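Me: Could you walk me through the aromatic contacts here, and say how you use your terms as you go?

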Amino acid sequence: MAMEPEAWTIRRMLDWTIGYLERRSDGRPRLSAEWMLSNVTGLSRVQLYTSFDRPLSADELARMHDAVVRRGAGEPLQYVTGEMPFRHIVLHCEGGVLIPRPETEVLVDAVLAHVDVAAAAGHDAQVLEVGTGTGCIACSIASERPGSHVVATDLSPAAAALAMRNRDALGLARAVDVITCDLASGVDPALKGTFDVLVSNPPYIPSDVVPTLPREVVGFEPHLALDGGADGLDVFRRLLEVAPDMLRPGGMLACELFETNAEVAAELCRRQGGWARVEVREDLTHRPRVLVAVREGDLAAGGVMVRPRKLLAVDQDRPERMVVRDVARVLLDGGVIVVPTDSVYGIGCAATPGNPGHARTFQIKRRALSQTLPWLIADVQDLERFGHRVPKWAYALAREFWPGALTLVVRASPLVPAEYRRSDDGTIALRLPDSNLVREIAREVGAPLAITSANTHGASSATSGEGIEGRIAGEVDLVLDGGPSPLAAASTIVDCTGADPRVLREGAIPSVGIMRVADPDAWA
């Protein structure tokens, strides 16, 4: 009787991979093996050692084989696994884009300190990063200092695309703009003189040093991001030329450089003039690595204060995942948004208890707080969740016209917070809009959206992004522009609290259609 082949357990694969990589002269074979095996199995490195007997699936074996072959050939581990931890975030990595290094964290520390100086001066920081690569610097700044805004550029289309994917995966679409251009050539000219920080990790290795780098660096990482010319300062000199125009008074230039040219770069700054302070800081291995130069002047004076983008173009039918997540974050922070629906544009907040956005919505709309905000719900089942003693004919209306421009006024269930109910009769208005965008946002938030028409009380409703009042757009936290509303008409409102349906407002759905479906006698 033939013996069963030995299973490839986690322990067997780990031991075999370590031995194979040792023979291939991997400098850290155990780390490489753990990292690849964790990536393939989805287990943490600690969990690997508590799951030694777990066999690998056929798919995991195939993926591990591919990873081991690539690593054995010298390909960087970050390219093999496709990811890289950096500070407090995890980034996607891919060939053709420079891999983030630990020493760059010192550069980020320097930038964050000046971002804090800007905050102390009374404004959120505006940062320009040149040569963003994976976006590790831009995304770290935006994630660690909420409210700051980063414009990140890269000459490489592949790098810019990867930076955008990392930005979107981290939910930082409003905080980081990525531009494909040479240095700052693609940056809006109106932003000149507004940046608190210009930061860059440019190509800085002298040309004659590049061939001496480890094989997994020079053999796999892009030379464009490594070679800085004869003395390693070709790109730095160009940065130094544009920095005075881009920075506001008191702004900072921060660059990562090679240990043999950092002091030369500092002297170039001093010769240029206009810098109040120039210094070189050491990296984690105590090598001169980061140049910091601060412009003369005061961050609190001069320049135009720049705020993050407040307008996002959206697709109601096919909303992008990152847009949904970014909008949900604004709402969960108590924000107020303008959002397109199938009927008209709406203004409102997440329908969560004690949300400050609730009162702000009424203030922006200039409407009495004693009135209520209709709820845009995510699913038909929400009628039963948030309604109480809903008549059968009301469910028939929902089945017929939802998703769509029908608002049902029902008795509110105990799940509806008191501030969202009508105080005189305890009702709530519910609508399931024919908008994938709105429904996906509500699901992401985990609560309905308390939304009313996006207009000053008494004015005409906006049916396109262009029709939103400038005052309202300026006072909300975010405007979603989905183009013209499909129906361009208000919803029909039906009172469902009595024995018979009562049309309170005829809108996109004619009253005759309502009465045809909701004949009380048919549902007695």
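Reply: To start with a term, buried means under 20% relative accessible area, exposed means over 50%, and partly exposed lies in between, with a 1.4 Å probe and protein chains only. This is a predicted model, in which local features need pLDDT of at least 70 and side-chain atom pairs count only at pLDDT 80 or more, while totals for chains, interfaces and linings use all residues. Residues are numbered from 1 along each chain as its sequence is written, and side-chain values use heavy atoms, with hydrogens and water left out.

Me: ok, is Tyr 420 buried or exposed?

Reply: Tyr 420 counts as buried, at 1% relative accessibility, and Trp 375 is also buried, with a relative accessible area of 1%.

Me: and how many aromatic pairs are there?

Reply: The structure holds six, where rings of Phe, Tyr and Trp (its six-membered ring) pair if their centres lie within 6.5 Å, and planes under 30 degrees apart count as stacked, over 60 as edge-to-face and the rest as tilted. Among them, Trp 8 and Trp 16 are edge-to-face, at 6.3 Å centre to centre with 85° between the planes.

Me: how exposed is Trp 8?

Reply: Trp 8 is partly exposed at 27% relative accessibility, and Trp 16 is partly exposed at 40%. Ring pairs link Trp 8, Trp 16 and Tyr 20 into a cluster.

Me: switching topic, which charged end sits over the ring of Trp 275?

Reply: That is Arg 295, whose charged end is 4.6 Å from the ring centre, the criterion being NZ of Lys or CZ of Arg within 6 Å of the ring centre and within 35 degrees of the ring normal. The charged end of Arg 12 likewise sits over the ring of Trp 8, 3.7 Å from its centre.
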